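Hi,

Here is the structure I promised to pass on to you. Have a look at it first, and then read on for what turned up in it.

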Amino acid sequence: MAVEFVGIDPDTDLDHCPTVWADVEAQEILLQGWKPSAETQTECEASSPAHGPVPDSEAIVRIPARMIPMIREACDAVERAQLR
């Protein structure tokens, strides 16, 4: 796996830090974020076309908007890998 660190929440306290990585080999973006509240989780599940709970192998994470540039950078890295 070729995971590349892209960025960490600039407002981090270094203990609770949403983070972005790009795995260009697998062409995937990896995100670390905060878990949603039970209420938000239920709301997400109810509005999903899957109409059911999030499987144990998946997760909903919250990422602050200030990290959008890092997510774009990760998307660009994965997209560039597809063009090779």
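This is a predicted model: local features need pLDDT of at least 70, side-chain atom pairs count only at pLDDT 80 or more; totals for chains, interfaces and linings use all residues.

Let's begin with the cysteines. Cys 75 has a relative accessibility of 35%, so it counts as partly exposed. Cys 17, at 14%, is buried. How many disulfides does the structure hold? The number is zero. A disulfide is a covalent bond between the sulfur atoms of two cysteines. For Cys 75, the nearest cysteine sulfur belongs to Cys 44 and is 19 Å away. A disulfide would need the two sulfur atoms within 2.5 Å, so Cys 75 is in no disulfide.

Next, the salt bridges, of which there are two. Asp 9 pairs with Arg 66, and their closest N and O atoms are 2.5 Å apart. Asp 11 also forms a salt bridge with Arg 66, with 3.4 Å between the closest N and O atoms. Together, Asp 9, Asp 11 and Arg 66 are linked in a network.

Where do these residues sit in the chain? Are they buried or exposed? Asp 9 is buried, with a relative accessible area of 1%, whereas Asp 11 is exposed at 56%. Arg 66 is partly exposed at 38%.

Now for the inside. The largest nonpolar core has ten residues, among them Val 6, Val 20, Met 70 and Ala 74. Two elements, β2 and α2 (68-83), each give two or more residues to this core, and α2 gives the most, with five.

Finally, the surface. Phe 5, Ile 8 and Leu 14 make a nonpolar patch of about 320 Å². Leu 14 is found in the loop between β1 (3-8) and β2 (19-23), and with a relative accessible area of 66% it is exposed.

Enjoy exploring it!

Best wishes

Technical notes: Residues are numbered from 1 along each chain as its sequence is written. Side-chain values use heavy atoms; hydrogens and water are left out. Patches are made of residues with over 30% relative accessible area and no salt bridge: like charges are joined within 9 Å, nonpolar side chains (Val, Leu, Ile, Met, Phe, Trp, Tyr) within 5 Å. Accessible areas come from the Shrake-Rupley method with a 1.4 Å probe; for residues, only the protein chains shown count as cover. A salt bridge is a side-chain nitrogen of Lys or Arg within 4 Å of a carboxyl oxygen of Asp or Glu. Helices (H or I, at least four residues) and strands (E, at least two) are DSSP runs, numbered from the N terminus. Buried means under 20% relative accessible area, exposed over 50%, partly exposed in between (1.4 Å probe, protein chains only). A nonpolar core is a set of buried Ala, Val, Leu, Ile, Met, Phe, Trp, Tyr and Cys residues joined through side-chain atoms within 4.5 Å.
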